[in-house]
Amino acid sequence: MNNRFEFLDEKELNSFLMEEPMRKGGESVVYYYKGKYAIKIFDSKQIEKKENKIKNLMKLKYNKDMKNIVFPKEIVYVKNKFAGYVMPFIKNSYELEKISEFVREKNIKLSKRIEMLKKVCDNIEIIHNNNIIIGDLHPGQIITNYEDVFFIDVDSWGGEIFHEYFEPSLKCISIYADPICRNYSNIGSSVKFYNKSTDYYSLAIIAFKVLTGIHPFSSSIKKVEYEEIENRMLNRKSILSEKEFRESNSFLNKEVRREFLKIFEEDYRFNIKIIFDYL
């Protein structure tokens, strides 16, 4: 493939893409392309700050340690201006969030969940070692084809390598964001900062959900609404104190529960992969 996809105008771009978007977000639209690629087109307000980041990300695709990161492969231009990028499409994949459903339906073995989680934790470490912070880390940014895991939405990342840091007003998916770094107002939750430690908090929540099928600040004995989960996170009141939960998830032995408690209730921050020594 060439290093540029060039279009005379948006009409030509739209006729080239043709198909309906496979994914829409607040900042971009993603289209399926030729069976093995996806094309991400940014909202015009995002163009200026995204172009340099995409070019820096493209340099990282040659890093063999980062083979599980879905990096941009080519740049899309409209009227000679940056508009988006082309990336690999991972076939037969689904967001890691779906694993929670599979756990509840007992369709995926614990050994397979642990295997996938190990890969997630290892890749977080690789990402951090390359001076990158994921930031708003949540299961929608990680996909799996059951055999492997892949990180997507890389253009939202920050850190030294991009000479870019996160704005204090940046929105977050609050039930995955570290309460230590959050701001609250009548319009919702945003973040004051992101760093490796806040990534580790989000990673611990993801790991807990993949293992148990439930959010660590939800409940096994009653339905808990989104807002209450937020409040429980703020008050450091996790599900680990519920006897019913412990009895139905006995594979989470005392050592594993202790490591999760350190993060969820005692404000420690570390890569949760330490639990694999006890599972």
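Colleague: Which ring does the charged end of Lys112 sit over?

Modeller: The ring of Tyr146, 4.9 Å from its centre. A charge sits over a ring if NZ of Lys or CZ of Arg is within 6 Å of the ring centre and within 35 degrees of the ring normal. Mind that this is a predicted model, where local features need pLDDT of at least 70, side-chain atom pairs count only at pLDDT 80 or more, and totals for chains, interfaces and linings use all residues. Residues are numbered from 1 along each chain as its sequence is written, and side-chain values use heavy atoms, leaving out hydrogens and water.

Colleague: OK, new topic: how many aromatic pairs are there?

Modeller: Nine, counting Phe, Tyr and Trp (its six-membered ring) with ring centres within 6.5 Å; planes under 30 degrees apart are stacked, over 60 edge-to-face, the rest tilted. Phe217 and Phe264 make an edge-to-face pair, 5.4 Å centre to centre with 75° between the planes.

Colleague: Where do those two sit in the chain?

Modeller: Phe217 is in the loop between helix H5 (196-212) and helix H6 (226-234), while Phe264 is in helix H8 (residues 254-264), 47 residues apart. Helices here are DSSP runs (H or I, at least four residues), numbered from the N terminus.

Colleague: Is Phe217 buried or exposed?

Modeller: Buried, because its relative accessibility is 0%; the cut-offs are under 20% for buried, over 50% for exposed and partly exposed in between, with a 1.4 Å probe and protein chains only. Phe264 is buried too, at 0%.

Colleague: And which residues join them in a cluster?

Modeller: Ring pairs link Tyr201, Phe208, Phe245 and Phe260 with Phe217 and Phe264.
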